[in-house]
Amino acid sequence: MSSPFPQTVDKLKGVQILGPIPQEAKHIFNAEALGLLATLHRSFNAQRKLLLANRKEQQKLRDSGVLPDFLPETAHIRNDPTWTGPPLAKGLQDRRVEITGPTDRKMVINALNSGVATYMADFEDSLTPAWKNLVEGQVNLYDGVRRNLEFETNGKKYKLNLDPKRHIPTLIVRPRGWHLDEKHVLVDGEPVSGGIFDFAIYFYNNAFESIKQGFGPYFYLPKMEHHLEAKFWNDIFNFSQDYIGLARGSIRGSVLIETLPAAFQMDEIIYQLRQHIAGLNCGRWDYIFSYIKSLRNHPEFILPDRSSVTMSAPFMSSYVKLLVNTCHKRQVHALGGMAAQIPIKEDQERNRLALENVAKDKLREVTAGCDSCWVAHPALVPVVLKVFNEHMKGPNQINVPPKVPYTPVTARDLLSPFVPGGKITEQGIRTNIIIGLSYIEAWLRNVGCVPINYLMEDAATAEVSRTQIWQWVTHGATTDKGVVVTKDLVKRLLNEEYNKLAGSAKPGNKFKQALKYFAPEATAERYNDFLTTLIYDEVTTIGRALPAERL
């Protein structure tokens with residue numbers, strides 16, 4: 001495919017690649033793809049910075065007591081019943097079960113062989129953004145789009161099942177959020193946006209081929225906090241489609257409603273993307289993280305142990321209820337949350353009970369009106385499919401009347417911290433410490449998706465873990481035994497759990513580094529907006545700058 005812009009090579013002046021590009025990836029980093037990346041950076045990065053600055057201003061307002069609410073200036077969008085999203089795109093009409101995971105070759109093959117409706121290939125929370133991971137991920141998705149995937153490890157061969165009777169899931173790519181940079185690629189001496197990098201390289205190389213294969217250039221859009229951030233994506237979509245001569249509306253974006261501010265702007269987010277919107281997703285773990293972070297200055301919003309904050313908690317069920325109603329009113333999908341369980345092979349009874357709980361959770365989602373849900377492991381697919389197939393007879397529920405008539409969700413419904421039976425326990429503190437340390441340690445080894453206690457953990461659950469402890473220490477929360485959660489208590493528990501983890505880990509582990517980053521956050525000595533930005537420099541491998549023209 002040739003670019004309609006013959007001056008692409010000139011655009012590459014000022015583009016530098018600071019990471020190695022192996023021979024097998026050079027076709028991905030072609031001049032045209034890098035030309036689009038450079039052009040998007042030069043056209044949009046200043047606006048990205050303004051949007052990120054606005055996040056900080058909004059947080060200052062919340063810290064001062066201005067609680068999140070529905071925006072009065074956009075009431076006309078919410079109250080206008082006449083507009084909807086676009087017709088459902090090819091390959092996205094039925095999304096009843098979606099599998100998610102990072103972009104390593106084995107995962108891509110297993111996901112595309114799993115029998116689900118769609119596969120979200122993740123460059124964000126389940127992938128450490130080490131340069132090697134990103135480069136290999138783009139190669140794997142390029143091959144996946146073209147149905148040309150094989151892999152061998154330890155004598156075992158993996159291959160894409162091309163049986164024409166089998167459904168190959170529709171591929172959806174999740175680029176990184178707006179807050180993350182990609183320091184291995186500079187344009188005019190400045191790091192590019194991680195999200196723009198992930199999008200541009202995949203889009204340029206695969207947009208036309210994905211349409212040829214029967215789907216299209218589809219994306220999951222993470223971490224947004226304002227409808228103008230959705231408009232920003234829409235502007236990038238339009239520019240990029242024009243750039244390669246693709247019809248506007250060919251791109252589709254599913255938005256994760258995984259921040260508290262975004263929950264108050266669902267109509268507006270759909271409206272800003274209305275030519276490209278595919279649906280909204282319940283990003284439950286990041287949503288809990290954002291709830292705590294957004295309301296962090298206010299002790300009345302303290303949450304109990306993470307294990308208590310299920311989707312049945314009133315503020316979580318209100319969020320799902322509002323999302324389903326908003327999506328169906330606008331004729332797009334309401335996408336359910338994650339089932340993170342992985343098989344407990346050595347204990348069949350525990351495994352059976354875990355799968356029963358998964359089925360119950362998915363029954364809750366499908367009866368609430370969700371059109372799909374996520375799973376983290378192929379073993380969950382039959383369990384979840386059974387629930388959705390039984391309770392959702394059509395391809396989706398967009399035009400199915402709700403089982404319970406809708407009543408408006410108020411701001412207080414979305415903010416109420418009440419969790420029936422919820423408690424803060426010492427074990428809850430220890431569990432958060434274990435998850436936080438274990439995840440950061442793996443992330444520092446370039447592993448972004450980690451099984452811990454038979455749950456697949458990613459950056460979102462690590463964020464919940466450290467933010468909860470920070471909240472409890474900051475506000476002097478009390479455990480169910482009447483013990484105040486102090487810095488000294490957390491330090492003691494941290495040392496105990498660290499010694500257990502480090503003592504049982506293999507040589508060369510990175511628990512000492514993990515403790516260095518996690519401890520000040522958990523003890524409320526400091527608070528960073530994101531763990532991933534805090535520790536990103538640990539996984540960069542900046543080398544000698546290579547001008548893009550010489551690739």
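Let's start at one residue. Not counting residues up to four places away in sequence, Val464 touches Trp285, Ile288, Phe289 and Arg306. Keep in mind that this is a predicted model.

Where does Val464 lie? Its place is in helix α16, residues 459-474. Is Val464 buried or exposed? Its relative accessible area is 0%, and buried means under 20%, so Val464 is buried. Now a distance. Gly177 and Val464 are 287 residues apart along the chain. Their C-alpha atoms are separated by 17 Å.

Next, helix pairs. Take α4, residues 105-112, and α5, residues 131-145. Their axes come within 9 Å. They cross at roughly 30°. Angles under 35 degrees count as roughly parallel, so α4 is roughly parallel to α5. The crossing of these two helices, α4 and α5, is right-handed. Which residues make the contact? From α4 we have Arg105, Val108 and Leu112. From α5 we have Val139, Asn140, Leu141, Asp143 and Gly144. By type, the residues of this contact are four nonpolar, two polar and two charged.

Stay with α5 for a moment. It has 15 residues. How far does α5 reach from its first C-alpha to its last? The answer is 21 Å, close to the 21 Å expected at 1.5 Å a residue. The helix is also mostly covered, with 13 of its 15 residues buried. Then look just past its end.

Most residues other than glycine have a negative phi.

α11 gives us another case. This helix covers residues 314-329. Its 16 residues should span 22 Å at 1.5 Å a residue, and the end C-alpha atoms are 22 Å apart, so the two agree. Which residues of α11 are buried? Among them are Phe315, Met316, Tyr319, Val320, Leu322 and Leu323. Ser318, Thr326 and His328 are also on that list. After α11 comes Gln331, and its phi is positive, near 65°.

Two loops show positive phi as well. Asp188 is not a glycine, yet its phi is positive, about 55°. Where is Asp188? It lies in the loop between β7 (181-187) and β8 (190-193). Now Tyr454. Its phi is positive too, about 65°, and it is not a glycine. Tyr454 sits in the loop between β14 (450-452) and β15 (455-457). How accessible is Tyr454? Its relative accessibility is 24%, so it counts as partly exposed.

One more helix pair to finish. α15 spans residues 426-444, and α17 spans residues 487-504. They pack at an angle of about 55°, with their axes 10 Å apart. That angle makes α15 oblique to α17. The crossing here is right-handed. On the α15 side, the contact includes Ile429, Ile433, Ile434 and Leu437. Glu426, Arg430 and Ser438 of α15 take part too. On the α17 side, the partners include Leu489, Val490, Leu493, Leu494, Tyr498 and Leu501. Arg492, Glu496, Glu497 and Lys500 of α17 are in the contact as well. How do the residues of this contact divide? They are 10 nonpolar, one polar and six charged.

How values were computed
Residues numbered from 1 in each chain as written. Predicted model: local features only at pLDDT ≥ 70, side-chain atom pairs only at ≥ 80, totals over all residues. Heavy atoms only, no water. Axes fitted to C-alpha atoms, helices over the stretch in contact; angles between N-to-C directions. Helix = DSSP H or I, 4+ residues; strand = E, 2+ residues; numbered from the N terminus. Parallel < 35°, antiparallel > 145°, perpendicular 65-115°, else oblique. Left-handed = near helix turned anticlockwise from the far one by under 90°. Contact = heavy atoms within 4.5 Å. Nonpolar A, V, L, I, M, F, W, Y, C, P; charged D, E, K, R; others polar. Buried < 20%, exposed > 50% of the residue type's maximum accessible area, 1.4 Å probe, protein only. Expected span 1.5 Å × (residues − 1).
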